[in-house]
Amino acid sequence: MTPQDQRHYDVIILGAGAAGLMCALTAANRGKRALVLEKANKPGKKILMSGGGRCNFTNLFVEPENYISDNPHFCKSALSRYTQWDFISLIESHRIPYAERKHGQLFCRDSAKDILNMLLDLCTRAGVEIRCNTQVTAISRDMPEGAEEETPLSDAYRYKLQIENRQVACQSLVVATGALSVPTLGGSGFGYDIAKQFALETSPLRAGLVPLTFSDSMKTVCEQLSGISLEVQISIKNIIFTEDLLFTHRGISGPVVLQISNYWQPGTSIDIDLLPGIDATRLLVDAKSTSGSSLLRTAMGQVLPRALVLELQSIWWPDMAERPLAEFSDAALRDIGARVNRWQLKPSGTEGYRTAEVTLGGVCTHELNAKTMETNKHKGLYFIGEVVDVSGHLGGFNFQWAWSSGVSAGSVA
Ligand SMILES: Cc1cc2nc3c(=O)[nH]c(=O)nc-3n(C[C@H](O)[C@H](O)[C@H](O)COP(=O)(O)OP(=O)(O)OC[C@H]3O[C@@H](n4cnc5c(N)ncnc54)[C@H](O)[C@@H]3O)c2cc1C
């Protein structure tokens, strides 16, 4: 191989997603020669598909509590170095129209393309080279002759990447290959393979922000109710979310279900309050005294979707379905009311990585420097974005982590 076959860069970034592009433009703005290698045919596919095509790019209320990680403190440094306000001023300076939705979620008003085009434009202006359709087949680290293992970074370490029949080399290698979620949008385990190659620990992986499924009689109930949505509160112990739930053919989805899925473990139950803020027992006992000749489904139909009430009736009071409220004992109404406020369900699983918005777990935070995202064991090797064991709640928190961790690495790599 001649020297011309091997191109040298200051920094090579694997993955042209949110974190990789942000890192590349940050490094290039510092005068670094940056190359982004992307296996897909175009960059930023997840950005384009996110938020229903409008990209929920950040949140007004970003707090460390919005993130799940073995070390809940790890995300703090990056999130405070590059905040939601920094990203908001970036998109304002590019005159990208955006809108606030509930819970402080910020979306593009027109299209997620605006965000991707802005990042690509900034990369071009900073001189970042982006190569798509590129598969890295091998990565090695070597030291120039004479360098000692203890030699500080300087020029001592080099990462070499094999791309088909060519080699590229760099001083800093940033892994921004994302995670397993949605393989059709670039989800891949390549980042974990690199972690393994360099003897870095990864925490167990599982699908997050994902619909929950049922295989028992609840599956039929969900099928019947498919398409119906209502606001509920879902909890697992002291973790509580209140938002919309959507019944689907396979189980339950909607923002509240995606949020709680991050905390659900196989074999455990979730509690659903179908009437958050309303004492269902009181409601039913009052209905008995004021409209004793009515049916229970009629009383419940005032506050819950009728189709849902019919399903609940077939599970909870099938024998009394045609009996007037006056014939229900108070104890029976208390029992039904308690179930309305605390419907305990045991999902059989999740829809998995096919639809999950994130992958929980990843490269362990104790392997990384929280300020720079550089690995503690290998100078010049960085991990950023979703491949790291930091996952956000629904609401723009995952992109904010991608921007923040990308800037952290790009500022030093
Ligand atoms: C459908 C969907 C909607 C979402 N909506 C939102 C939202 O509105 N708001 C929010 O905050 N979060 C959202 N998320 C989560 C968010 O998209 C991710 O957290 C974020 O994209 C992670 O950024 P990343 O750069 O780490 O990874 P990615 O954006 O996944 O980028 C990784 C890149 O690496 C490339 N790659 C993979 N393997 C290789 C390889 N071997 N070589 C080279 N390149 C490789 C991939 O093709 C990809 O381009 C959504 C996720 C999904 C799936």
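What share of the 413 residues in the protein is buried? Buried residues make up 44% of them, a residue being counted as buried if 20 or more other C-beta atoms lie within 10 Å of its own, as exposed if 12 or fewer do, and as partly exposed in between, with C-beta atoms placed from the backbone. The model is predicted: local features require pLDDT of at least 70, side-chain atom pairs count only at pLDDT 80 or more, and totals for chains, interfaces and linings use all residues. Residues are numbered from 1 along each chain as its sequence is written.

The protein contains 14 helices and 21 strands, taken as DSSP runs (H or I of at least four residues for helices, E of at least two for strands) and numbered from the N terminus. Along the principal axes, its C-alpha atoms fill a box of roughly 90 × 45 × 35 Å. Of the contacts between residues at least 6 apart in sequence, 73% join residues at least 24 apart; a contact requires C-beta atoms, placed from the backbone, within 7 Å.

The ligand is surrounded by 37 residues, the closest of which are G15, G17, G178, G186 and G385; a residue is near a molecule if its C-beta atom, placed from the backbone, lies within 6 Å of it. Two or more residues of this shell are given by each of α1 (18-29), α2 (45-49) and α14 (397-410). The largest share, four residues, comes from α14. By type, the shell comprises 17 nonpolar, 14 polar and six charged residues, where Ala, Val, Leu, Ile, Met, Phe, Trp, Tyr, Cys and Pro count as nonpolar, Asp, Glu, Lys and Arg as charged, and the others, Gly among them, as polar.

An open sheet is formed by three strands in the order β3-β6-β5, with antiparallel pairing; strands pair if DSSP finds at least two bridges between them. The edge strands, each pairing on one side only, are β3 (56-59) and β5 (98-100). From one strand to the next, the twist averages 25°. Helix α4 (residues 84-93) packs on the sheet and touches β3 and β5, its direction making about 135° with that of β3. For such angles, which run from 0 to 180 degrees between N-to-C directions, axes are lines fitted to C-alpha atoms, for helices over the stretch in contact. Strands β5 and β6 (residues 105-108) run antiparallel and are joined by three bridges; A99 has F107 in β6 as its bridge partner.

In helix α10 (residues 280-290), the residues A280, L284 and K288 are buried. They lie on the same side of α10 because they cover an arc of only 75° around the axis, the arc being that of the directions from the helix axis to the C-beta atoms. On the other side of α10, R282, S289 and T290 are exposed. The cover over the buried residues of α10 includes α11 (296-301) and α13 (330-341).

K76 is placed in helix α3 (residues 75-81) and counts as partly exposed because it has 14 C-beta neighbours inside 10 Å. K76 and A370 are 294 residues apart in sequence, yet 8.1 Å apart in space, C-alpha to C-alpha.

Most residues other than glycine have a negative phi. Phi of E164, by contrast, is positive, near 45°. E164 lies in the loop between β9 (158-163) and β10 (166-175), and is exposed, with 9 other C-beta atoms within 10 Å. Phi of K237 is also positive, near 50°. K237 occupies the loop between β13 (229-236) and β14 (239-247) and is exposed, with 8 other C-beta atoms within 10 Å.

How values were computed: Contact = placed C-beta atoms within 7 Å.
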